[in-house]
Amino acid sequence: MKPEDYLKKWYGASGPTIADKIKNLFKIGPEEPLAKRAVMAHYRIKSALSRIRAYIDRLNERDRELFERTVESLMKKDEIRAKIYANEVAEIRKVAKQLLMVEYVLEQASLRLETFIIVGGAFGDIVPVIGIVKEASNILKSIAPDLWIELNMAVNELSLIMAATGIDITSEAGITLSDEARKIFEEAKIVAEQRMKEKFPELPSLVAASKESEGAVQTS
């Protein structure tokens, strides 16, 4: 494809009227400028990020409430109830850790896509972003189906860009993580651990204290 053809596909046909611009703003179709698809995909990723952060905040609030109940139960020597609360806390933190990991990878995907939209670059640069967003959506499928749908729509927008530019990308290639994408997910695990420590108070020592109390009861 000639450079001028790429530009036409990226920005759309030149010389639209103001009325055409307003009309086309709400139009998504096969002739949609690729730039608009990229912007829409970026918007969906940012929207998902905002909602993920809201979910994390709600989990943090619920975790704090259950944590306090765990402490109160231990102070009252009610080890059974403390364990029940502790188990609930553990389940919340499993979900929170996954969301924190997805938050990080989507931050990276959003940054790369934003740079591509503003600065430009090779269309092949979008391929790792597709892999990252697709993998993130898979993690969210059982946790937050609404976000899974949102991110898959972003993947679809980006895949249409690749198809329109003539770059061969199969559905399998779209979900295969590149070395760069794998590195981002490895970093995400480390970052998620750090953010967990910042957002959620430690509980293992309380659980250990509960178990020790139970052992003392059993031996007496």
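Trainee: What is the handedness of the crossing of H3 and H6?

Mentor: The crossing of H3 and H6 is left-handed. That term applies if the near helix is turned anticlockwise from the far one by less than a right angle, and clockwise would be right-handed. Before we go on, this is a predicted model, where local features need pLDDT of at least 70, side-chain atom pairs count only at pLDDT 80 or more, and totals for chains, interfaces and linings use all residues. Residues are numbered from 1 along each chain as its sequence is written, and side-chain values use heavy atoms, with hydrogens and water left out.

Trainee: Thanks! At what angle do the axes of H3 and H6 cross?

Mentor: Roughly 160 degrees, and the axes of H3 (residues 34-75) and H6 (residues 145-164) come within 9 Å. Axes here are lines fitted to C-alpha atoms, for helices over the stretch in contact, with angles from 0 to 180 degrees between N-to-C directions. H3 and H6 are therefore roughly antiparallel; angles over 145 degrees count that way, under 35 as roughly parallel, 65 to 115 as roughly perpendicular and the rest as oblique.

Trainee: Which residues make that contact?

Mentor: Among them are Ala-41, Ile-45, Ala-48 and Ile-52 of H3, with Leu-147, Leu-151, Leu-158 and Ile-161 of H6. Contact means heavy atoms within 4.5 Å. By class, this contact has 16 nonpolar, 1 polar and 6 charged residues. Ala, Val, Leu, Ile, Met, Phe, Trp, Tyr, Cys and Pro count as nonpolar, Asp, Glu, Lys and Arg as charged, and the others, Gly among them, as polar.

Trainee: What else does Leu-158 contact?

Mentor: Setting aside neighbours within four places in sequence, Leu-158 is in contact with Ala-41, Leu-113, Ile-126, Val-129 and Ile-130. Leu-158 is also among the residues with the most contacts inside the largest nonpolar core, as are Ile-52 and Leu-151.

Trainee: How many residues does that core have?

Mentor: It has 49 residues. A nonpolar core is a set of buried Ala, Val, Leu, Ile, Met, Phe, Trp, Tyr and Cys residues joined through side-chain atoms within 4.5 Å; buried means under 20% relative accessible area, exposed over 50% and partly exposed in between, with a 1.4 Å probe and protein chains only. H3, H4 (79-119), H5 (126-140), H6 and H8 (179-199) each supply at least two residues of this core, and H4 gives the largest share, 14 residues.

Trainee: New topic: how do H5 and H8 pack?

Mentor: Their axes are 9 Å apart, at an angle of about 40 degrees, and that makes H5 oblique to H8. The crossing is right-handed. Pro-128, Ile-132, Glu-135, Ala-136 and Ile-139 in H5 meet Glu-180, Ala-181, Ile-184 and Phe-185 in H8.

Trainee: And His-42, is that buried or exposed?

Mentor: His-42 is buried, with a relative accessible area of 14%. This H3 residue touches Ser-110, Leu-113, Glu-114 and Ile-117, leaving aside neighbours within four places in sequence.

Trainee: What about the relative accessible area of Lys-83?

Mentor: Lys-83 has 24%, so it counts as partly exposed. Lys-83 is found in H4.

Trainee: Last one: how many helices and strands does the chain have?

Mentor: The protein chain has 9 helices and 0 strands. Helices (H or I, at least four residues) and strands (E, at least two) are DSSP runs, numbered from the N terminus. Of the 220 residues, 39% count as buried.
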